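Take a look at the protein below.

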Amino acid sequence: MHSSDNKIPHVLTVAGSDSGAGAGIQADLKACAARRVYCSTVITAVTAQNTAGVQGVNMVPEDFVAEQLKSVLSDMHVDVVKTGMLPSLSIVKVLCQSLRKYPVKALVVDPVMISTSGDVLSGPSVLAGFREELFPMADIVTPNTREASVLLGDMPLKSVSDMRTAAKLIHDLGPRNVLVKGGDLPNSLDATDIFFDGEEFYELCSSRVNTRNTHGTGCTLASCIAAELAKGSSMLSAVKIAKRYVEAALDYSRDLIIGNGSQGPFDHLLALKNMNQGSCRHDRFNPNDLLLYAVTDSGMNKKWGRSIAEAVKAAVEGGATVVQLREKEAETRDFIDAAKVCLNICRSYGVPLLINDRIDVALACDADGVHVGQSDMPVRLARTLLGPEKIIGVSCKTPEQAQQAWIDGADYIGSGGIYPTNTKANNRTIGLDGLREVCQASKLPVVAIGGIGLSNARAVMEIGVPNLKGVAVVSALFDRKCILSEARNLHAVVSKSALLIQ
């Protein structure tokens, strides 16, 4: 037996092979590799296809599909199963029997019936197996609008309202969650998907990427959801991460030329091509990193005769859990050089480093993310430039801004000023009541900022909302003689308060 401490997240994909490698098993393998999980495979069919379409399909005999399933599930500790092309009713039944014998953490069903190029991959007999056996076992089903229409007896889907209706009707067939993908919805400027968890509808919007290289988007999205579930994400979080990843991959690959047909593949490994493996943080965003959020100030560093690197090192040594570089006066080249030094310091302590406002500096130094204000670059555009891996925070004073931040794809919000402060001129305060309203409206974790120090940090942390994860401090750390001791004292206060409210 192996220790669970060394357990690698594991996705098993049950799908068809695509000889062009844009979709199917090949897309699943690449998506899981990009999301850093292990992926095993059970092949249900071998197809001859390329960028022009599908030229042939050869089904794998059901008894050999069963043998593949047994080999993997009985031995390899699979976390999540993701299904793609299931070309016959008998293969659907074999899969369901195997999953009853070897239960897994989650089942992600991509009901592949029609390829991106319009070729039919599963016949009508498979539909009954989906409805009667597979969907009731599924944790999420991810049809596009054409597949949702077929599943619902050719119901027309021409609007977001139609997609909501379809999601509810498919949910009634048994899956715990439904994602109806609207990438091929006619006359839509955005790529809008509808997620339904049985209680609430979520409208997930992203920019529509103008590219021919869309072959395998459905397979990739479902595999990414499966990968994030295997890593422990909640369902909604997994869906949002997957959608961001696909959008970033499409945008990155928009000008690739592979093949002569109308449906080209895209580069799943964009996240690896530009990655400095030696220094990159490999953990996804953890809301608990917001506990003690240190925001630097160039004026305070000058006042005390410190370099930005010296200030950051003292803060993280004292217990700062995330650092934001807010340097308004430095020249761009000097800022980039200083940020690279600070990044090495932060990564040696496992602390994320964010850049305030400056997307260009964040890209140049490979920072862990950015924080933007309401008047800065929009979150959606920042996400397009930075990709799905980076952390993006946004400042919010109102419940409406907090709700928009979630829609736009932010990872957290900074809310304030809570108390009056000298670090930002004309900064309207919202007080503890305003902070509470923002937190209650937000689906994202929140960090409070503005005039917070040792004397009031506890009062802020104990306002009674579970998504308030920490406090951001400027003067209370960096306008002090000893940053290290101030950071230790602040960390002790906020960590104690955080434990009390858990």
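A residue counts as buried under 20% relative accessible area, as exposed over 50%, and as partly exposed in between, with a 1.4 Å probe and protein chains only. Helices (H or I, at least four residues) and strands (E, at least two) are DSSP runs, numbered from the N terminus. This is a predicted model, in which local features need pLDDT of at least 70, side-chain atom pairs count only at pLDDT 80 or more, and totals for chains, interfaces and linings use all residues. Residues are numbered from 1 along each chain as its sequence is written, and side-chain values use heavy atoms, with hydrogens and water left out.

Start at strand E10, residues 292-295. Which of its residues are buried on one side, and which on the other? Leu292 and Ala294 take one side. Tyr293 and Val295 take the other. All four are buried, so both faces of E10 are covered. In a regular strand the side chains alternate between the two faces of the sheet.

Now look at the neighbours of E10. Two strands pair if DSSP finds at least two bridges between them. E10 pairs with strand E17 (residues 468-473) in the parallel sense, over three bridges. Strand E11 (residues 322-325) also pairs with E10 in the parallel sense, again over three bridges. Tyr293 takes part in both pairings: Ala472 stands opposite in E17, and Val322 is the bridge partner in E11.

Move on to E11. Both of its faces are covered too. Val322 and Gln324 are buried on one side, Val323 and Leu325 on the other.

Four bridges join strand E4 (residues 80-83) to strand E5 (residues 106-109). E5 is covered on both faces: Ala106 and Val108 are buried on one side, Leu107 and Val109 on the other. Lys82 stands opposite Val108.

Step back to the whole chain. The secondary structure comes to 19 helices and 17 strands. How does the radius of gyration fit a compact globule of 502 residues? Such a globule would have a value near 23 Å, and the protein has 24 Å, which agrees. The radius is taken over C-alpha atoms, and the globule rule is 2.2 Å times the number of residues to the power 0.38. Along its principal axes the C-alpha trace spans about 75 × 55 × 40 Å. Of the 502 residues, 56% count as buried.

Contacts come next; a contact means heavy atoms within 4.5 Å. Among contacts with a separation of 6 or more, 67% link residues 24 or more positions apart. The accessible surface, from the Shrake-Rupley method with a 1.4 Å probe and only the protein chains shown as cover for residues, comes to about 21100 Å². Carbon and sulfur atoms hold 51% of that surface.

What about charge? Lys and Arg count as positive, Asp and Glu as negative, while His and the chain ends are not counted. On that basis there are 51 positive and 53 negative side chains. Each charge is placed at NZ of Lys, CZ of Arg, CG of Asp or CD of Glu. The centres of the two sets lie 4 Å apart.

Finally, some backbone details. Most residues other than glycine have a negative phi, and most peptide bonds are trans. Ala21 has a positive phi of about 70 degrees although it is not a glycine. Its place is the loop between strand E1 (10-18) and helix H1 (24-34). At 25% relative accessibility, Ala21 is partly exposed. Arg36 also has a positive phi, about 65 degrees. Arg36 lies in the loop between H1 and strand E2 (38-50) and is partly exposed at 29%. Between Gly416 and Gly417 the peptide bond is cis, with omega about 0 degrees. Gly417 belongs to the loop between strand E15 (412-416) and helix H16 (431-441).

Two helix residues complete the tour. Ala248, in helix H8 (residues 235-252), is buried, with a relative accessible area of 9%. Gly299, in helix H10 (residues 298-304), is partly exposed at 33%.
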